[in-house]
Amino acid sequence: MSSNDKSLVASGKILRTDTPQAFREAAEAAACRLRQGEAVVLPTETVYGLAANALDPLAVANIYQIKGRPSRNPLIVHVCSLEMARDCAGEWPEVATKLACAFWPGPLTMVVAKSKIIPNVVTAGGATVGLRWPDHPMFVAVLKACGFPLAAPSANRSNQVSPTAAEHVVRSLGDRCPMVVDGGNCNVGIESTVVDVSGDQLRVLRPGMIQVQAMETVLGRKIIADQRDEPRGDEEASGALRSPGLLEIHYAPKAVLWLGRWQSELSLREAWEKCGPAQGKVAVIAHHILPVGFERVSVLPHDPEAYARGMYAEWHRCDELGYEFILLELPPNTPEWGGIHDRLKRAARGMLLFER
Ligand code: TXA
Ligand code: MG
C-alpha cells in the first residue's frame, strides 16, 4: 500500500476488514450508505464492484455517473439467495436452477427475463437482467444486511481495466470514488462468465473462469459459445502489426498491449525490432520463455486460475510504473484459458507474428 493509500485508510475512504470487528463495522457502514441510496465499492471474488440499491433508480443512476458509463450498457444485479434471484426474474427457467445449484455462489452471471421490481435504468431499457450470487464474504454480508439486491459493475472508469485490489479502485475512480471496502486481492481476478438463459438457445455472452464445457455437463445440453472478434491471423504476413482498431478495445491497460508467442529470445528480439514501436518503456509479461534485456520482465503462473488471479494486477502495476508498452507472451489456447484469451483479445492493440 502506498502512503497515499494509507492516508485514504486514515481518512475513512478505504475501510479495512482484517479483524472480525473491522469486518462487521465495514459491512454495517456500507449497508448504511446503500440504504441511503449512495454507491459503495465492495470486493467480490472476481473484481471489485461499484454497488448501489438495484431497486432504486436514482441510486443506480449514480453508478453510471461515477463510472462515466454509457447508459446503454446494462448492469449485473447481485443477490444472496435463490429466492432473491427469482424475485428479480420475470421468468426463471429450469436451467437457471440447475446452473445456480452447480455454480452459485460464484463467478457466473445468468441473463433472464427481468421482473417489474427491476428498474429500466439497471437493464439499459432491456427486457432481461443479469443476475449473480457472488462468492465473497463481505459482499454477501452487505447484501444480507441490506435485504435488497445490489447492482454493481466493475469499479473502474468505463473502458479501463477492472480493479482486483482496493488501491486499483481509488486510482481509477479518483475524486469520484465513494467509500471502498477493502476485501483484499480478488481470488478469481477476471469478470464473471455471462450466460444468457432467457431464450431457447443458451448462449455465452462473455467467457470467464466458469467454462462452457462445465455448464454443458451440468445441463446435458449444448451452449453456444459466441466467438466474436476472432483474431484474423491468416491474411497477415509474418512479423506484421495487426492494425489497431480491428477489435473493440475494452478492459485495456493504459500501456499499449502487444501479444505474441515466441519460440526463443532471438526470434522475439527480431520481431520486436521489426514491428514493435521504435522507442518507449517496455514491460514484458512472460509465461513460458523469459527474455532478458527488457527493462521489466515479470512472469505469470502456468495454471489458468492462478494466471487470471494475477493478470489484471500485473497490468495495473505496469501502468503505475509508467510503462508505455506491455509485451505479453500468449498462454496456451485450450478451453480453460478461454476467459483469459477473451480479455487479451479485447485489450490488445498489436500482435507479433512469427515465421513457422
Ligand atoms: O464479475 C463480474 O461480473 C463483475 C462483478 C462486480 O460482479 N461485474 C462486472 O460488471 O463485470 P460489468 O458491468 O463491468 O460487466 C457486465 C457485463 C457487461 O458486458 C454487460 O453488457 C453484460 O454484463 N450484461 C449485464 N446485463 C446484461 C443483460 N441483461 N443482457 C446482456 N448482457 C448483460
Ligand atoms: Mg466492467
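Predicted model: local features only at pLDDT ≥ 70, side-chain atom pairs only at ≥ 80, totals over all residues.
View 1. An oxygen atom of ligand 1 lies 3.1 Å from an N or O atom in the side chain of Ser154. Taken alone, ligand 1 exposes 670 Å², and the protein buries 86% of that. For the side chain of Arg69, an N or O atom is 3.0 Å from an oxygen atom of ligand 1. The side chain of Thr46 has an N or O atom 2.7 Å from an oxygen atom of the ligand.

**View 2. The shell around ligand 1.** Ligand 1 is surrounded by 22 residues, and the closest are Thr46, Arg69, Asn73, His78 and Ser192. By class, the shell has 10 nonpolar, eight polar and four charged residues.

**View 3. Strands that contribute to the shell around ligand 1.** Two or more residues of the shell come from each of strand S4 (76-78), strand S6 (128-132) and strand S10 (203-206). S6 gives four residues, the largest share of the shell.

**View 4. Crossing of helices H5 and H8.** Helix H5 spans residues 94-103 and helix H8 spans residues 212-219. Their axes come within 10 Å and cross at roughly 120 degrees. H5 is therefore oblique to H8, since angles of 65 to 115 degrees count as roughly perpendicular and those over 145 as roughly antiparallel. The crossing in which H5 passes H8 is right-handed.

Key: Residues numbered from 1 in each chain as written. Chains lettered and ligands numbered in written order. Heavy atoms only, no water. Near = heavy atom within 4 Å. Polar contact = N/O pair within 3.5 Å; in protein donor to acceptor, adjacent residues only side chain to side chain. Areas by Shrake-Rupley, 256 points an atom, 1.4 Å probe, with all protein chains shown as cover. Nonpolar A, V, L, I, M, F, W, Y, C, P; charged D, E, K, R; others polar. Axes fitted to C-alpha atoms, helices over the stretch in contact; angles between N-to-C directions. Parallel < 35°, antiparallel > 145°, perpendicular 65-115°, else oblique. Left-handed = near helix turned anticlockwise from the far one by under 90°.
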